[in-house]
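Please open the model in your viewer and keep the selection panel at hand.

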Amino acid sequence: MKISEILKSKEVTISYEVFPPKKDMPFEPILAAVDRLCQSKPDFMSVTYGAGGGTGHNTIKIADHVQNEMGVTSLAHLSCISSTPQQVKAAINEIKSCGIENILALRGDIPAGTDPAAPRDYRFASELVREIKKHGDFCIGAACYPEGHVECEHKEDDITYLKEKVDSGVDFLTTQMFFDNNVLYNFLYRIRERGITVPVIAGIMPVTNGKQMARICQLSGTYLPARFKAIVDKFGDKPEAMKQAGIAYATDQIIDLIANGVKGIHIYTMNKPDVAESIRNNLSYIIGK
Ligand code: FAD
């Protein structure tokens with residue numbers, strides 16, 4: 001089923017993101033986590049595409065398993081920055097042959113040590129969106145950044161390019177993680193003003209390893225509210241306490257989002273079924289499942 005139809009048909013959707021095994025890593029532990037995640041019946045499950053494209057086949061293999069063996073609609077991520085048009089076309093055809101109707105079209109990060117301005121087959125995700133549209137009737141998602149993408153100096157330019165990307169044929173957007181809901185509300189206001197009207201799904205990262213996450217956020221420029229920092233300072237060295245606090249923080253964020261009319265919630269599960277299950281249990285009466 002197309003995600004655009006799922007989003008239209010439900011009051012609130014809860015979906016999950018998983019990642020595939022890296023090259024030459026065993027499949028079984030990841031499949032076991034994915035299967036357990038599928039048992040809690042997310043509205044759809046997205047499968048990331050390894051940076052550099054090296055694990056692309058694993059992405060499609062997991063997405064195929066999720067949809068055709070576990071009965072959960074899947075969303076295959078696909079990035080283009082390190083790929084040739086032939087490789088992109090082959091990936092799209094493989095996705096199509098599995099009966100997967102949903103693709104998250106991404107540029108991917110510029111490979112470390114390469115010149116960002118070097119000539120490439122694909123420079124931006126919008127070019128991939130146009131390529132996907134040429135090859136089938138897919139529901140196409142894309143990424144967005146409530147705090148602005150790290151490479152873009154001015155937020156307003158980032159929104160101009162986002163509008164260009166959506167206009168190239170995007171059906172929905174999924175956000176980068178954020179820890180202050182006001183950041184999302186401000187972003188939604190600004191993009192709606194600029195005529196971006198497609199559904200925006202909020203990406204929520206439950207933080208279960210606080211110190212590591214705080215470092216990642218500092219590098220990517222994600223704003224850390226004082227309340228979040230206090231939790232990490234207090235519990236970052238106590239894994240069980242940090243996990244409990246991270247689940248509570250994510251639950252609290254999601255309840256506030258739903259209360260304020262956000263309809264799509266995407267949980268970055270990091271392949272941890274127990275974390276996703278705990279969040280869902282905390283929401284049982286709120287999402288009515
Ligand atoms: P784009 O939309 O192309 O934007 C990239 C930059 O270029 C931005 O700064 C934008 O403002 C600028 N830009 C866009 N168009 C133009 C233009 N015409 N002229 C000038 N500048 C322009 N990465 C992976 O490798 N695999 C994954 O599975 C993956 N999943 C993700 C899922 C989500 C929900 C998110 C938010 C990110 C994900 N990423 C993934 C990371 C993503 O690939 C990186 O953030 C990447 O740096 C940007 O990708 P994009 O698709 O947003 O790029």
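The model is predicted, so local features require pLDDT of at least 70 and side-chain atom pairs count only at pLDDT 80 or more, while totals for chains, interfaces and linings use all residues. Residues are numbered from 1 along each chain as its sequence is written, and side-chain values use heavy atoms, with hydrogens and water left out.

**Stop 1: H4 and H5**

Select residues 85–97, helix H4, and residues 125–134, helix H5. Helices here are DSSP runs of H or I with at least four residues, numbered from the N terminus. The two axes come within 10 Å and cross at roughly 55 degrees; axes are lines fitted to C-alpha atoms over the stretch in contact, and angles run from 0 to 180 degrees between N-to-C directions. H4 and H5 are therefore oblique to each other (angles under 35 degrees count as roughly parallel, over 145 as roughly antiparallel, 65 to 115 as roughly perpendicular and the rest as oblique).

Next, display the side chains of Val88, Lys89 and Ile92 in H4, which meet Leu128, Glu131 and Ile132 in H5. Contact means heavy atoms within 4.5 Å. This contact divides into 4 nonpolar, no polar and 2 charged residues (Ala, Val, Leu, Ile, Met, Phe, Trp, Tyr, Cys and Pro count as nonpolar, Asp, Glu, Lys and Arg as charged, and the others, Gly among them, as polar).

**Stop 2: Glu164**

Move to Glu164, which lies in helix H6, residues 155–167. Its relative accessibility is 44%, so Glu164 counts as partly exposed (buried means under 20% relative accessible area, exposed over 50%, partly exposed in between, with a 1.4 Å probe and protein chains only).

**Stop 3: H9 and H10**

Select helix H9, residues 226–235, and helix H10, residues 239–259. Their axes come within 9 Å and cross at roughly 165 degrees, and the helices are therefore roughly antiparallel. From H9, Arg227, Phe228, Ile231, Val232 and Phe235 meet Ala241, Met242, Ala245, Tyr249 and Asp252 in H10. By class, that contact has 8 nonpolar, no polar and 2 charged residues.

**Stop 4: the two sides of H9**

Which residues of H9 are buried? They are Phe228, Ile231 and Val232. These buried residues pack against H10 and helix H8 (210–220). On the other side of H9, Ala226, Asp233 and Lys234 are exposed.
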